[in-house]
Amino acid sequence: MTIDSNRQDFSDLPPGDKMGFAVPKTPTHSLMLLNSFMRTDMLQHIHWRLHEMRDEDGPGSPLHHMAESLEQVIGTWDGINLFDRITRNQFHIDPDYEFRPEQDYLHDIRLMKHHLKCHRKAIKELGCWR
């Protein structure tokens, strides 16, 4: 059901998810939110970076790996606006959402920055920032 032509009604979703902008409790929770609410295939770049760090047995905790992955993906995609190079996220929680590359690209950058900010705060609070 749509509220208007640009917004979907997701009232049946857990209110704590906040369309992906909830404060992630763990790196796994963060990935669950990003998998469900990112709108573009930039999501796959987060996964690639995480797998690369795991395969190389990179230093740091999963929290550090998640933050570093987000930093790298944001650093690669933010500000270059390559809307024509992205496709929709096939794992999005709403398979019927209308894919709008430019708006969805900007949404996903904002969503990743939110998660990165949350992870940096957690790392700082734990006193283990590199």
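The model is a predicted one, so local features need pLDDT of at least 70 and side-chain atom pairs count only at pLDDT 80 or more, while totals for chains, interfaces and linings use all residues. Residues are numbered from 1 along each chain as its sequence is written, and side-chain values use heavy atoms, with hydrogens and water left out.

On the overall layout, the protein has four helices and two strands, where helices (H or I, at least four residues) and strands (E, at least two) are DSSP runs numbered from the N terminus. Going along the sequence, the order is β-β-α-α-α-α. Of the 130 residues, 40% count as buried; buried means under 20% relative accessible area, exposed over 50%, and partly exposed in between (1.4 Å probe, protein chains only). The protein exposes about 8,000 Å², and carbon and sulfur atoms supply 53% of that area (Shrake-Rupley method, 1.4 Å probe; for residues, only the protein chains shown count as cover). Taking the contacts (heavy atoms within 4.5 Å) with a separation of 6 or more, 69% come from residues 24 or more positions apart.

Now for the helix pairs. Helix α2 (residues 42–55) packs on helix α3 (residues 62–77) at an angle of about 135°, and their axes are 9 Å apart. Axes here are lines fitted to C-alpha atoms, for helices over the stretch in contact, and angles run from 0 to 180 degrees between N-to-C directions. That angle makes α2 oblique to α3, given that angles under 35 degrees count as roughly parallel, over 145 as roughly antiparallel, 65 to 115 as roughly perpendicular and the rest as oblique. The crossing of α2 and α3 is right-handed, that is, the near helix is turned clockwise from the far one by less than a right angle, with anticlockwise giving left-handed. On the α2 side, M42, H45, I46, R49, L50 and M53 make the contact, and they meet H65, M66, E68, S69, L70, Q72, V73, T76 and W77 of α3. By class, this contact has eight nonpolar, five polar and two charged residues (Ala, Val, Leu, Ile, Met, Phe, Trp, Tyr, Cys and Pro count as nonpolar, Asp, Glu, Lys and Arg as charged, and the others, Gly among them, as polar).

Helix α3 also meets helix α1 (residues 27–37): the two axes come within 9 Å and cross at roughly 35°. P27, S30, L31 and L34 of α1 touch P62, L63, M66 and L70 of α3. The residues of this contact divide into seven nonpolar, one polar and no charged.

With α4 (101–126), α1 crosses at roughly 170°, and the axes come within 11 Å. That makes α1 roughly antiparallel to α4. The α1 residues in the contact are P27, S30, L33, L34 and F37, and their α4 partners are H107, D108, L111, H115 and H119. In terms of class, the contact of α1 with α4 has five nonpolar, four polar and one charged residues. As for burial in α1, the buried residues are H29, S30, L31, L33, L34, S36 and F37, and they pack against α2, α3 and α4.

Two loop residues are worth a look together. T40 lies in the loop between α1 and α2 and is buried, with a relative accessible area of 0%. Leaving aside neighbours within four places in sequence, T40 is in contact with I86, T87, R88, N89, F99, D104, Y105 and D108. R88 is 48 residues from T40 in sequence, yet their C-alpha atoms are 4.3 Å apart. I86, in turn, is found in the loop between α3 and α4 and counts as buried at 6% relative accessibility. Not counting residues up to four places away in sequence, I86 touches T40, D41, M42, W77, F99, P101 and Y105. The C-alpha atoms of I86 and E102, 16 residues apart along the chain, are separated by 9.3 Å.

N81 sits in the loop between α3 and α4 too. Although N81 is not a glycine, its phi is positive, at about 50°. N81 is partly exposed, with a relative accessible area of 37%. In helix α4 there is R120, which is partly exposed at a relative accessible area of 40%. R120 and E68 are 52 residues apart along the chain, with 9.7 Å between their C-alpha atoms.
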